[in-house]
Amino acid sequence: DDRDRSHNRNDDRELQTMTSGEMLDRRLQRHEHSCCIENNNQIRHQLDLIQRQCDTIARLEQEVTKLRNRNVFLQEQEQSYKRMITMLLERNDSKKEGVVAKQHGGLSKPPR
């Protein structure tokens, strides 16, 4: 408290000896200082928003990678099923051919 009082007294003495131009300069400095603080706060807020957006982008990139990997897996599985289906159809066709050949008393085509 004593320090504040002596500081205020010094400010008062200083203000009494100042010209109006010096007083305007001091007010301008205080105004600039408060503007700097406000600008810094706005910048911090913007940086926080940007950081949150970066975090969201990173999560989305991870999700995209998972989905791409899943897509590759499903495509491979689809190809495997298509090969199985083709093999089963060929087997089925050859059995039919064997039945037709037996009904006509001989083999129509050699087995594949």
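M84 lies in helix α2, helices being DSSP runs of H or I with at least four residues, numbered from the N terminus. M84 is partly exposed, at a relative accessible area of 39%; this class lies between buried (under 20%) and exposed (over 50%), with a 1.4 Å probe and protein chains only. The model is predicted, so local features need pLDDT of at least 70 and side-chain atom pairs count only at pLDDT 80 or more, while totals for chains, interfaces and linings use all residues. Residues are numbered from 1 along each chain as its sequence is written, and side-chain values use heavy atoms, without hydrogens and water.

**Salt bridge**
- The structure holds one salt bridge, defined as a Lys or Arg side-chain nitrogen within 4 Å of an Asp or Glu carboxyl oxygen.
- It pairs E78 with K82, whose closest N and O atoms are 3.8 Å apart.
- E78 and K82 are four residues apart in helix α2 (residues 20-103), and therefore separated by about one helical turn.
- E78 is partly exposed at 40% relative accessible area, and K82 is partly exposed at 44%.

**Cysteines**
- Zero disulfides are found in the whole structure, a disulfide being a pair of cysteine sulfur atoms within 2.5 Å.
- The sulfur of C35 has its closest cysteine sulfur in C36, 7.1 Å away, which is too far for a bond.
- C35 is partly exposed, with 29% relative accessible area, and C54 is partly exposed, with 41%.

Conventions. Helices (H or I, at least four residues) and strands (E, at least two) are DSSP runs, numbered from the N terminus.
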